[in-house]
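Keep the picture in view as you read.

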Amino acid sequence: MRVAELMTPKVRSIAADATVADAVREMADGRVSALPVLQGQSVVGVVSTTDVLQAQAEVEDRRARAVLFEQTAVADLMTRDPLTIEPDADVRDAARQMLYADVHRLFVVNDGRLVGVLSQTDIAQAVGNGRV
């Protein structure tokens, strides 16, 4: 089975220059725990709820928290160079890549452009339904 058959094609994303507050709103609205960070059409990073919580834990007061959320760019918090996979890759290869890298999702990229996301949950559901 190919990644394209299991991936979610509609991916919420965020621009690298968006604020942390924008990212939190986007994750909450989409009920997702991470967003690919785009510069143009290219995936340059990933920002997760863990990144936000970690950054928030490092600030000491309310004012610093406000600066973090309203004035800090997503690019300052994101994990750079997230793992990607092509849509025609085998799902088993995607699962191995997630397992060895200890990540929950891979962004699906075709010709340098984001076309989907494949998560551990997508694979688990396919296995449970006997599709893989």
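In this predicted model, find Gly-45 first: facing it, in strand E4, is Arg-80. The two residues belong to a pairing between E4 and strand E3, which covers residues 42-48. These two strands run antiparallel and are joined by two bridges. If the word "antiparallel" is new to you, here is the background. Strands of a sheet pair through backbone hydrogen bonds, and they can do this in a parallel or an antiparallel way.

Now look at the helices beside these strands. Helix H2, residues 20-30, packs on the sheet and touches E1, E2 (34-39) and E3. Its direction makes about 130° with that of E2. Helix H3, residues 49-58, also packs on the sheet, where it touches E3 and E4. The angle between the directions of H3 and E3 is about 55°.

Which strands make up the sheet, and in what order? Four of them form an open sheet, arranged E1-E2-E3-E4, with mixed pairing.

As an example of residues facing each other here, Leu-35 stands opposite Val-47 in E3. The chain gets from E2 to E3 through a hairpin with two residues between the strands, and in this hairpin Gly-40 takes a positive phi near 70°.

Is E3 mostly enclosed or mostly open? Five of its seven residues are buried, so E3 is largely enclosed by the rest of the structure. A residue counts as buried when its relative accessible area is under 20%, and as exposed when that value is over 50%.

Asp-90 sits in the loop between strand E5 (84-85) and helix H5 (91-101). Its relative accessibility is 12%, so Asp-90 counts as buried. What does its side chain reach? The side chain of Asp-90 comes to the backbone nitrogen of Arg-92 at 2.7 Å. Leaving aside residues up to four places away in sequence, Asp-90 touches Met-1, Arg-2 and Val-3.

Asp-17 is in the loop between E1 and H2. At 65% relative accessibility, Asp-17 counts as exposed.

Finally, step back to see the whole chain. The protein chain has six helices and seven strands, and along the sequence they follow the pattern α-β-α-β-β-α-α-β-β-α-β-β-α. The radius of gyration is 16 Å, close to the 14 Å that the globule rule gives for 132 residues, so the chain is as compact as a globular protein of that length. Along its principal axes, the C-alpha trace spans about 50 × 30 × 25 Å. Of the 132 residues, 39% count as buried. Among contacts with a separation of 6 or more, 56% come from residues 24 or more positions apart. The accessible surface comes to about 8,000 Å², and 45% of it belongs to carbon and sulfur atoms.

Key. Residues numbered from 1 in each chain as written. Predicted model: local features only at pLDDT ≥ 70, side-chain atom pairs only at ≥ 80, totals over all residues. Heavy atoms only, no water. Pairing = 2+ DSSP bridges. Helix = DSSP H or I, 4+ residues; strand = E, 2+ residues; numbered from the N terminus. Contact = heavy atoms within 4.5 Å. Axes fitted to C-alpha atoms, helices over the stretch in contact; angles between N-to-C directions. Rg over C-alpha atoms; globule rule 2.2 N^0.38 Å. Buried < 20%, exposed > 50% of the residue type's maximum accessible area, 1.4 Å probe, protein only. Areas by Shrake-Rupley, 256 points an atom, 1.4 Å probe, with all protein chains shown as cover. Polar contact = N/O pair within 3.5 Å; in protein donor to acceptor, adjacent residues only side chain to side chain.
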